[in-house]
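Please look over the sequence and the model shown here before reading on. The paragraphs after it are an explanation for a reader new to this structure.

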Amino acid sequence: MHEFIMDRKEQKQLKAELIFAKKLGLTEDDTLDGVADRCEKENQRRKEMLQNGEIIYGPEHFSLPAYVRYEQTCFRLDFVSESEKVKKNYSYQRISEEEKQAFYEANRDLFTRYHGDSFTYEEVSVIIRKRIREIEYDKEIQNILCQLN
């Protein structure tokens, strides 16, 4: 098993996220070896792109810990953005207009400009939806963590 230079809590968190990503259809292999294999493949792909004179975004080469963080971010973004792949495998909780309004009112400090004035609800409605999806994602991960105990 790869240690990934993580403590046990971080490894457990990663395992939960990998289990959820597999459930969502975002990866076929939810093992730590699978992460290492995907890292190696991604590094090879980037190397070939560079050799072909193509532009790559991000690092030219991932260390294993960096790739782990990259995958965790991708899984979260796919979930939060309600990607088609995730929609095929997961039934999102319904978000009502009232819930979005209540989130806005309870978290106005998140929606302020540089000089302290607030963005209107209409300006941040999409962001609110994504924040609620982040909360949903975190709850799903917590449920898996409880099952791993």
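What follows goes through a helix contact, a loop residue, salt bridges and aromatic rings.

This is a predicted model, in which local features need pLDDT of at least 70 and side-chain atom pairs count only at pLDDT 80 or more, while totals for chains, interfaces and linings use all residues. Residues are numbered from 1 along each chain as its sequence is written, and side-chain values use heavy atoms, with hydrogens and water left out.

Begin with two helices. Helices are DSSP runs (H or I, at least four residues), numbered from the N terminus. Helix α5 covers residues 97-106 and helix α6 covers residues 121-148; their axes come within 9 Å and cross at roughly 95°. That makes α5 roughly perpendicular to α6, a term for angles of 65 to 115 degrees. The axes are lines fitted to C-alpha atoms over the stretch in contact, and the angles run from 0 to 180 degrees between N-to-C directions.

On the α5 side, Glu97, Glu99, Lys100, Gln101, Phe103 and Tyr104 take part, and they meet Tyr121, Val124, Ser125, Ile128, Arg131, Ile132 and Ile135 in α6. Contact means heavy atoms within 4.5 Å. The residues of this contact divide into seven nonpolar, two polar and four charged. In this grouping Ala, Val, Leu, Ile, Met, Phe, Trp, Tyr, Cys and Pro count as nonpolar, Asp, Glu, Lys and Arg as charged, and the others, Gly among them, as polar.

Next comes a loop residue. Ser83 is found between α3 (64-80) and α4 (84-89). Is Ser83 buried or exposed? Ser83 has a relative accessible area of 16%, so Ser83 is buried; the cut-offs are under 20% for buried, over 50% for exposed and in between for partly exposed (1.4 Å probe, protein chains only). Leaving aside residues up to four places away in sequence, Ser83 touches Asp78 and Tyr92.

Charged side chains are the next topic. Side chains of opposite charge can pair when their charged atoms come close. A salt bridge is a side-chain nitrogen of Lys or Arg within 4 Å of a carboxyl oxygen of Asp or Glu, and by this rule the count comes to 13 salt bridges.

Glu42 takes part in salt bridges with Arg45, where the closest N and O atoms are 2.7 Å apart, and with Arg46, also at 2.7 Å, N to O. Glu42 and Arg45 both lie in helix α2 (residues 32-51), three residues apart, about one turn of the helix. Arg46 and Glu42 are four residues apart in helix α2, so about one helical turn separates them. Glu42 is buried at 12% relative accessible area, and Arg46 is buried at 4%, whereas Arg45 counts as partly exposed at 40%.

Being three residues apart in helix α5, Glu97 and Lys100 are separated by about one helical turn. Glu97 is partly exposed, with a relative accessible area of 41%, while Lys100, at 9%, counts as buried. Elsewhere, salt bridges that share partners join Glu82, Arg129, Arg133 and Glu136 into one network.

A search of the whole structure finds 13 aromatic pairs. Phe62 and Tyr67 form an edge-to-face pair, 5.5 Å centre to centre with 80° between the planes. Rings of Phe, Tyr and Trp (its six-membered ring) pair if their centres lie within 6.5 Å; planes under 30 degrees apart count as stacked, over 60 as edge-to-face and the rest as tilted. Both Phe62 and Tyr67 are buried. Phe20, Phe79, Tyr90, Tyr92 and Tyr137 form one aromatic cluster.

Methods
Parallel < 35°, antiparallel > 145°, perpendicular 65-115°, else oblique.
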